[in-house]
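Hi,

Here is the structure I said I would pass on to you. Have a look at it first, and then read on for my notes.

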Amino acid sequence: MLDIVGEVDLYTAPALRDRIASLIDGGVRRLVVNLEEVGFLDSSGLGVLIGALRRLKEHDGVLRLVCNEGSTLKVLTVTGLDKVFQIHTDLGSATAS
Amino acid sequence: MTADSFFLEIPAVAVYLGTARSFSSQIARHAGFDEPTVEDVKLAVSEACAGSVGPLGSNGRVVVRSSLEPRLVAFEVEGTGDFAADGSQEGPARIDLIRTLFPDTSFARHEGLTTVRFTLPLGG
């Protein structure tokens with residue numbers, strides 16, 4: 001599981017991309033990204049998540065997001081990405097199955 | 001009635017995007033918008049600024065202007081970016097995201113500068 005805290009934008013997204021890439025390169029195939037403590041997420045951050053999903057799918061992997069309310073969920077919804085990602089409202093359900 | 005005007009100029013580098021977000025969100029709160037609307041303003045302004053930022057060391061500038069008029073609040077972001085990087089990221093295009101949040105958004109390109117402008121009506 002990857003907990004993200006703070007703001008994900010053009011400035012911080014590269015670090016997130018590198019972190020996720022290192023996890024996938026290290027063999028992780030089922031990744032839960034916890035966005036509950038993310039206060040801001042822009043299109044750069046969405047791009048990182050889309051890239052992670054694409055890479056995991058290439059390896060028959062799974063990406064789940066934990067996100068329950070607020071601006072982070074809204075940006076996923078208005079972009080239609082709530083239909084692309086597996087979004088869980090709590091950590092328990094994301095890690096259970 | 002004269003509009004109250006606000007102005008922020010930042011270096012066109014990504015580390016200052018948070019400054020533009022703080023600036024725009026404070027204006028939106030001052031104008032009386034609810035928090036979900038403040039978040040929309042923050043995202044739209046940040047995306048507009050991000051369309052103009054370059055690598056650290058770039059010497060470009062991004063200007064954020066806002067005016068509180070009797071019936072609306074206007075936000076305007078001006079920079080040298082042409083949103084060309086939109087095609088290289090895997091996420092949604094910045095322009096599309098801003099327009100989804102604020103359908104009246106206009107984009108104008110003139111003499112090497114791109115201006116993104118959107119408005120919010122006051123008083124619901």
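Which residues of α1(B) are buried? They are B:Leu17, B:Ala20, B:Arg21, B:Phe23, B:Ser24, B:Ser25, B:Ile27 and B:Ala28. Please keep in mind that this is a predicted model.

If you take the contacts in chain B between residues at least 6 apart in sequence, 65% of them join residues at least 24 apart.

**Helix α1 of chain B**

Back to α1(B), where my opening question came from. The helix has 14 residues, and the distance from its first C-alpha to its last is 20 Å, close to the 20 Å expected at 1.5 Å a residue. As for what covers its buried residues, the cover includes β2 (30-41) of chain A, along with β1 (4-11), α2, β2 (61-68) and β3 (72-79) of chain B.

B:Arg29 also lies in this helix, which runs over residues 17-30. B:Arg29 is partly exposed, because 14 other C-beta atoms lie within 10 Å, and a residue needs 20 or more to be buried. B:Arg29 and B:Glu39 are ten residues apart in sequence, and their C-alpha atoms are 9.9 Å apart in space. Just after α1(B), B:Gly32 has a positive phi of about 95°.

**How α2 and α3 of chain B pack**

Two packed helices are described by the angle between their axes and the distance between the axes. For helix α2 (residues 35-50) and helix α3 (residues 94-101) of chain B, the angle is about 155° and the axes are 9 Å apart. Since angles over 145 degrees count as roughly antiparallel, α2(B) is roughly antiparallel to α3(B). The crossing of α2(B) past α3(B) is left-handed.

On the α2(B) side, the contact uses B:Asp40, B:Leu43, B:Ala44, B:Glu47, B:Ala48 and B:Ala50; on the α3(B) side, B:Arg94, B:Leu97, B:Ile98 and B:Leu101. Sorted by type, the residues of this contact are seven nonpolar, no polar and three charged.

**B:Ala50**

Is B:Ala50 buried or exposed? B:Ala50, which lies in helix α2 of chain B, is buried, because 28 other C-beta atoms lie within 10 Å. Leaving aside residues up to four places away in sequence, B:Ala50 touches A:Asp9, A:Leu10, A:Asp42, A:Ser44, B:Leu17 and B:Arg94. Between the C-alpha atoms of B:Ala50 and B:Glu78, 28 residues apart along the chain, the separation is 11 Å.

**Helices α1 and α2 of chain A**

Now to the other chain. The axes of helix α1 (residues 13-25) of chain A and α2(A) come within 9 Å and cross at roughly 15°. Angles under 35 degrees count as roughly parallel, so α1(A) is roughly parallel to α2(A). Here α1(A) passes α2(A) in a right-handed crossing. From α1(A), the residues in contact are A:Ala13, A:Leu16, A:Arg17, A:Ile20 and A:Ile24, and from α2(A) they are A:Ser44, A:Gly45, A:Val48, A:Gly51, A:Ala52, A:Arg55 and A:Leu56. These divide into seven nonpolar, three polar and two charged.

Just after the helix, A:Asp60 takes a positive phi of about 55°.

**Where the chains meet**

The contact between the chains takes 16 residues from chain A and 20 residues from chain B. On the side of chain A that touches chain B, α2 and α3 (70-78) of chain A each supply at least two residues. The largest share of that side, six residues, comes from α2(A). By type, the residues of that side are seven nonpolar, six polar and three charged.

Best wishes

How values were computed
Residues are numbered from 1 along each chain as its sequence is written. Chains are lettered from A and ligands numbered from 1 in the order in which they are written. This is a predicted model: local features need pLDDT of at least 70, side-chain atom pairs count only at pLDDT 80 or more; totals for chains, interfaces and linings use all residues. Axes are lines fitted to C-alpha atoms, for helices over the stretch in contact, and angles run from 0 to 180 degrees between N-to-C directions. Helices (H or I, at least four residues) and strands (E, at least two) are DSSP runs, numbered from the N terminus. Angles under 35 degrees count as roughly parallel, over 145 as roughly antiparallel, 65 to 115 as roughly perpendicular and the rest as oblique. A crossing is left-handed if the near helix is turned anticlockwise from the far one by less than a right angle, and right-handed if clockwise. Two residues are in contact if their C-beta atoms, placed from the backbone, lie within 7 Å. Ala, Val, Leu, Ile, Met, Phe, Trp, Tyr, Cys and Pro count as nonpolar, Asp, Glu, Lys and Arg as charged, and the others, Gly among them, as polar. A residue is buried if 20 or more other C-beta atoms lie within 10 Å of its own, exposed if 12 or fewer, and partly exposed in between; C-beta atoms are placed from the backbone. The expected span of a helix is 1.5 Å times one less than its number of residues.
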